[in-house]
Amino acid sequence: MHRLSRTLLAGATAFTLLSPLAHAGDIDVSDARVRLLPGDVPSAGYFSLHNGSDRTVTLVGASSDAFGQVMMHKSMEKDGMAHMHAVPSLEVAAGEDIDFAPSGYHLMLMKRSAPLAIGEQVTITLEFEQHPAMPVTFEAVSPADM
(Lines give C-alpha, C1' and ligand atoms only; values in the text may rest on other atoms or scores of the structure.)
Protein backbone atom coordinates (compact mmCIF):
# COMPACT_ATOMS: atom_id res chain seq x y z
CA MET A 1 0.00 0.00 0.00
CA HIS A 2 2.86 2.38 0.85
CA ARG A 3 4.43 1.76 -2.58
CA LEU A 4 1.11 2.54 -4.29
CA SER A 5 0.83 5.83 -2.37
CA ARG A 6 4.34 6.85 -3.44
CA THR A 7 3.58 5.92 -7.06
CA LEU A 8 0.36 7.95 -7.04
CA LEU A 9 2.14 10.91 -5.42
CA ALA A 10 4.95 10.78 -7.99
CA GLY A 11 2.41 10.63 -10.83
CA ALA A 12 0.44 13.56 -9.45
CA THR A 13 3.63 15.58 -9.02
CA ALA A 14 4.73 14.84 -12.60
CA PHE A 15 1.29 15.81 -13.92
CA THR A 16 1.42 19.10 -12.01
CA LEU A 17 4.89 19.92 -13.31
CA LEU A 18 3.97 19.07 -16.89
CA SER A 19 0.54 20.72 -16.91
CA PRO A 20 -0.01 24.18 -18.41
CA LEU A 21 0.87 27.20 -16.35
CA ALA A 22 -2.67 28.50 -16.66
CA HIS A 23 -5.98 26.96 -17.52
CA ALA A 24 -9.35 28.66 -17.92
CA GLY A 25 -12.12 26.45 -19.23
CA ASP A 26 -10.77 25.00 -22.45
CA ILE A 27 -7.99 27.57 -22.90
CA ASP A 28 -4.50 26.57 -21.80
CA VAL A 29 -1.36 28.68 -21.61
CA SER A 30 2.10 27.15 -21.24
CA ASP A 31 5.75 28.17 -21.46
CA ALA A 32 4.99 31.74 -20.29
CA ARG A 33 8.14 33.83 -20.00
CA VAL A 34 9.26 37.45 -20.09
CA ARG A 35 12.46 38.25 -21.99
CA LEU A 36 13.99 40.66 -19.52
CA LEU A 37 16.19 43.42 -20.87
CA PRO A 38 18.21 45.82 -18.70
CA GLY A 39 17.01 49.18 -17.43
CA ASP A 40 13.85 50.69 -18.83
CA VAL A 41 14.16 48.93 -22.19
CA PRO A 42 10.79 47.34 -23.10
CA SER A 43 10.56 43.61 -22.46
CA ALA A 44 8.67 40.98 -24.43
CA GLY A 45 6.23 38.30 -23.24
CA TYR A 46 6.09 34.90 -24.90
CA PHE A 47 3.80 31.91 -24.36
CA SER A 48 1.88 29.15 -26.10
CA LEU A 49 -1.91 29.37 -26.19
CA HIS A 50 -4.15 26.38 -26.91
CA ASN A 51 -7.86 26.75 -27.59
CA GLY A 52 -9.34 23.38 -26.63
CA SER A 53 -12.90 24.66 -26.93
CA ASP A 54 -15.30 24.04 -29.79
CA ARG A 55 -15.48 27.73 -30.74
CA THR A 56 -13.16 30.52 -31.79
CA VAL A 57 -11.89 32.74 -28.99
CA THR A 58 -10.50 36.22 -29.51
CA LEU A 59 -7.54 37.50 -27.51
CA VAL A 60 -8.06 41.26 -27.27
CA GLY A 61 -5.20 42.33 -25.01
CA ALA A 62 -3.28 41.89 -21.80
CA SER A 63 -2.52 43.84 -18.66
CA SER A 64 -0.20 43.64 -15.67
CA ASP A 65 0.44 45.60 -12.49
CA ALA A 66 4.15 45.04 -13.20
CA PHE A 67 4.05 47.09 -16.42
CA GLY A 68 2.39 50.40 -17.17
CA GLN A 69 1.60 49.34 -20.72
CA VAL A 70 1.11 45.92 -22.32
CA MET A 71 0.38 45.61 -26.03
CA MET A 72 0.16 42.74 -28.49
CA HIS A 73 2.57 43.02 -31.41
CA LYS A 74 3.72 40.95 -34.35
CA SER A 75 7.23 41.02 -35.77
CA MET A 76 7.79 40.23 -39.42
CA GLU A 77 10.33 40.71 -42.15
CA LYS A 78 9.58 42.58 -45.37
CA ASP A 79 12.12 43.34 -48.09
CA GLY A 80 14.93 42.26 -45.76
CA MET A 81 13.86 44.68 -43.03
CA ALA A 82 12.39 43.72 -39.68
CA HIS A 83 9.09 45.40 -38.83
CA MET A 84 6.77 45.28 -35.87
CA HIS A 85 3.15 46.37 -35.67
CA ALA A 86 0.43 46.40 -33.03
CA VAL A 87 -2.19 43.65 -33.14
CA PRO A 88 -5.55 44.85 -31.75
CA SER A 89 -6.96 41.31 -31.48
CA LEU A 90 -6.12 37.75 -32.43
CA GLU A 91 -8.64 35.04 -33.24
CA VAL A 92 -7.72 31.52 -32.11
CA ALA A 93 -9.84 28.88 -33.84
CA ALA A 94 -11.24 25.87 -32.02
CA GLY A 95 -8.44 23.35 -31.47
CA GLU A 96 -5.78 25.81 -32.63
CA ASP A 97 -2.41 26.54 -31.01
CA ILE A 98 -0.82 29.99 -31.26
CA ASP A 99 2.76 30.61 -30.20
CA PHE A 100 3.88 34.01 -28.99
CA ALA A 101 7.58 33.70 -29.79
CA PRO A 102 10.57 35.76 -30.97
CA SER A 103 10.14 36.97 -34.57
CA GLY A 104 6.35 36.56 -34.36
CA TYR A 105 3.51 37.44 -32.03
CA HIS A 106 4.60 38.78 -28.64
CA LEU A 107 3.46 40.97 -25.78
CA MET A 108 5.28 44.30 -25.68
CA LEU A 109 5.86 45.10 -21.99
CA MET A 110 6.64 48.75 -21.33
CA LYS A 111 7.04 51.06 -18.34
CA ARG A 112 8.13 48.49 -15.75
CA SER A 113 6.64 49.54 -12.40
CA ALA A 114 9.38 47.93 -10.25
CA PRO A 115 12.70 46.20 -10.80
CA LEU A 116 12.42 42.62 -12.02
CA ALA A 117 15.23 40.05 -11.87
CA ILE A 118 15.93 36.87 -13.83
CA GLY A 119 13.99 34.00 -12.26
CA GLU A 120 11.31 36.18 -10.69
CA GLN A 121 7.68 35.69 -11.58
CA VAL A 122 5.14 38.25 -12.71
CA THR A 123 1.41 37.97 -13.42
CA ILE A 124 0.10 39.09 -16.78
CA THR A 125 -3.63 38.82 -17.39
CA LEU A 126 -4.73 37.78 -20.87
CA GLU A 127 -7.99 39.43 -21.90
CA PHE A 128 -10.48 37.75 -24.19
CA GLU A 129 -13.66 38.80 -25.93
CA GLN A 130 -16.62 36.84 -24.53
CA HIS A 131 -14.38 34.75 -22.23
CA PRO A 132 -13.16 35.44 -18.69
CA ALA A 133 -9.80 37.17 -18.28
CA MET A 134 -6.98 34.74 -17.53
CA PRO A 135 -4.15 35.59 -15.10
CA VAL A 136 -0.94 33.83 -16.14
CA THR A 137 2.32 33.55 -14.23
CA PHE A 138 5.31 34.47 -16.42
CA GLU A 139 8.93 33.80 -15.46
CA ALA A 140 11.57 36.46 -16.19
CA VAL A 141 14.34 34.95 -18.33
CA SER A 142 17.55 36.20 -19.90
CA PRO A 143 17.53 37.03 -23.63
CA ALA A 144 20.27 34.39 -23.93
CA ASP A 145 17.72 31.75 -22.87
CA MET A 146 15.40 32.54 -25.76
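Modeller: Gladly; we will look at a histidine, a core and a salt bridge. Keep in mind that this is a predicted model.

Colleague: Let's start with histidine 106. Where is its place, and is histidine 106 buried or exposed?

Modeller: Histidine 106 sits in strand β9, which covers residues 105-112. Buried means under 20% relative accessible area. Histidine 106 has 5%, so this residue is buried.

Colleague: Which backbone oxygen lies 3.0 Å from a polar atom of its side chain?

Modeller: That oxygen belongs to glycine 104.

Colleague: And which residues does histidine 106 touch, not counting those up to four places away in sequence?

Modeller: Among them are Tyr46, Met72, His73, Met84 and Phe100. Phenylalanine 100 also has contacts with Arg33, Leu59, Leu90 and Leu107, among others.

Colleague: Which residues of the largest nonpolar core touch the most other members?

Modeller: That core has 30 residues, and Phe100 is one of those that touch the most other members. Val29, Phe47, Leu107, Leu126, Phe128 and Phe138 are also in that group.

Colleague: You mentioned Arg33. How many salt bridges does the structure hold, and which side chains meet in a salt bridge?

Modeller: The structure holds 1 salt bridge. In it, the side chain of arginine 33 meets that of aspartate 31, at 3.4 Å from N to O.

Colleague: Are the two partners buried or exposed?

Modeller: Arginine 33 has a relative accessible area of 17%, so it counts as buried. Aspartate 31, at 46%, is partly exposed.

Key: Residues numbered from 1 in each chain as written. Predicted model: local features only at pLDDT ≥ 70, side-chain atom pairs only at ≥ 80, totals over all residues. Heavy atoms only, no water. Helix = DSSP H or I, 4+ residues; strand = E, 2+ residues; numbered from the N terminus. Buried < 20%, exposed > 50% of the residue type's maximum accessible area, 1.4 Å probe, protein only. Polar contact = N/O pair within 3.5 Å; in protein donor to acceptor, adjacent residues only side chain to side chain. Contact = heavy atoms within 4.5 Å. Core = buried A, V, L, I, M, F, W, Y, C linked by side-chain atoms within 4.5 Å. Salt bridge = Lys/Arg side-chain N within 4 Å of Asp/Glu carboxyl O.
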